Amino acid sequence: MDLVLPLPSCHIPILLQQNDFTTRPPQQSTNKVLWQRDEKGFFGSMNDCPSLSKKRMSRQSDVRVKGYTLPALMLYYAENGLFPQAHTTWEQLVNSSFVPSIHFVSKLFNVYGKQRNFDQVIEILRYVNSRDFGISSDVYSLAISCFGRGGQLELMEAMIKEMVSRGFGVDCKTANAFLLYYSIFGSSKEMENAYGRLKQSRFLIGEEAIRAMASAYVKERKLYELGEFLRDVGLGRKNVGNLLWNLLLLSYAANFKMKSLQREFLRMLEAGFSPDITTFNIRALAFSKMSLFWDLHLSIEHMRNEKLIPDLVTYGCVVDAYLDRKLAKNLDFALNKMSLDDSPQLLTDPFVFEALGKGDFHSSSEAFLEFKTRRQWTYRTLIQRYLKKHHRRNQIFWNY
């Protein structure tokens with residue numbers, strides 16, 4: 001059952017960086033594809049956006065109270081949780097026929113969204129919608145993002161339906177935000193439906209939405225569906241770097257499908273993509289967990305040929321692999337070609353740890369690095385500390 005939001009006619013714009021709260025920025029050009037629902041779902045259609053209407057700014061908004069203009073004073077009250085005072089100031093602005101700017105509305109929505117005061121967001125939306133300020137489509141977009149960040153998916157859904165019913169186009173940024181919040185707070189089915197609506201509108205899915213969908217699939221261990229999604233997006237896209245290929249490799253590494261992992265890695269090279277540190281560490285983590293020492297050494301050698309610097313994850317793969325098999329005596333042989341005196345750094349994309357987790361050496365080293373000390377840590381000192389800790393772990397101390 002669709003949620004009916006009691007909002008008058010309204011239109012809303014995207015956040016624009018502007019210092020003056022009382023001036024209106026020029027109308028932003030948007031894609032005019034609309035999202036409309038029929039029995040089959042959502043589809044795109046063309047429509048003209050309404051033109052901007054010109055209204056004079058009331059002098060009341062320029063009145064200063066103790067050095068503040070009324071819009072700035074309202075923001076001050078809202079940011080400090082003084083909502084009764086903020087509401088009183090807002091009523092003064094409304095009674096003065098105040099014409100808000102997008103920058104001002106955006107700041108208000110951010111503040112009220114963080115405080116989960118969504119009723120005030122709706123009230124501001126009603127005011128803008130009741131006046132022909134020419135910013136309604138952008139304010140709709142701001143409200144959709146505000147409700148989405150707060151996990152209010154029903155309000156977000158109702159808002160986008162209201163936006164379309166008023167004849168305003170959903171632009172690419174709003175459509176991606178819509179998908180992003182369904183990926184974070186919705187079910188996998190709701191997320192996939194939102195992705196389908198994005199595709200039908202012929203918008204290009206952005207990097208943030210790709211990461212959110214991938215994270216949702218990984219959390220539910222739907223790794224096959226993750227691979228299908230990545231192929232549907234298109235592995236040939238280069239405007240997101242190696243993200244799509246790395247996620248595909250991760251879907252195989254997390255299931256320890258080693259042959260498929262190697263096959264897709266070779267296809268990545270054939271497609272003209274250069275592997276990065278994240279690519280190599282996805283493979284190294286899989287090799288380490290499977291105790292494939294030869295493959296692990298070849299991967300590190302390949303990394304050296306690509307002139308990539310190993311990071312904390314790479315060293316952790318080597319250390320954990322040897323210690324798990326009780327081969328600590330052979331660790332020097334494994335590390336002799338690596339720069340042990342370098343300062344530790346973490347260069348691997350965090351999404352890798354969502355699927356494969358962090359190794360024991362990695363977690364232990366992070367604990368040492370977070371401890372404030374004047375000591376200059378290197379990989380050598382971290383490994384020495386960890387070996388001492390690992391040795392003591394197996395000791396039994398009897399207290400008499």
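A disulfide is taken here as a pair of cysteine sulfur atoms within 2.5 Å. With that criterion, a search of the whole structure returns zero disulfides.

The model is predicted: local features need pLDDT of at least 70 and side-chain atom pairs count only at pLDDT 80 or more, while totals for chains, interfaces and linings use all residues. Residues are numbered from 1 along each chain as its sequence is written, and side-chain values use heavy atoms, with hydrogens and water left out.

Begin with the protein chain as a whole. It contains 19 helices and four strands, where helices (H or I, at least four residues) and strands (E, at least two) are DSSP runs numbered from the N terminus. Of its 400 residues, 51% are buried; buried denotes under 20% relative accessible area, exposed over 50%, and partly exposed in between (1.4 Å probe, protein chains only). Among contacts (heavy atoms within 4.5 Å) with a separation of 6 or more, 70% join residues 24 or more positions apart.

Next, select residues 70-79, helix α1, in which eight of the ten residues are buried. The buried set comprises Leu70, Pro71, Ala72, Leu73, Met74, Leu75, Tyr77 and Ala78. After α1 comes Gly81, with a positive phi near 75 degrees.

Cys172 is partly exposed at 29% relative accessible area, whereas Cys317 is buried at 2%.
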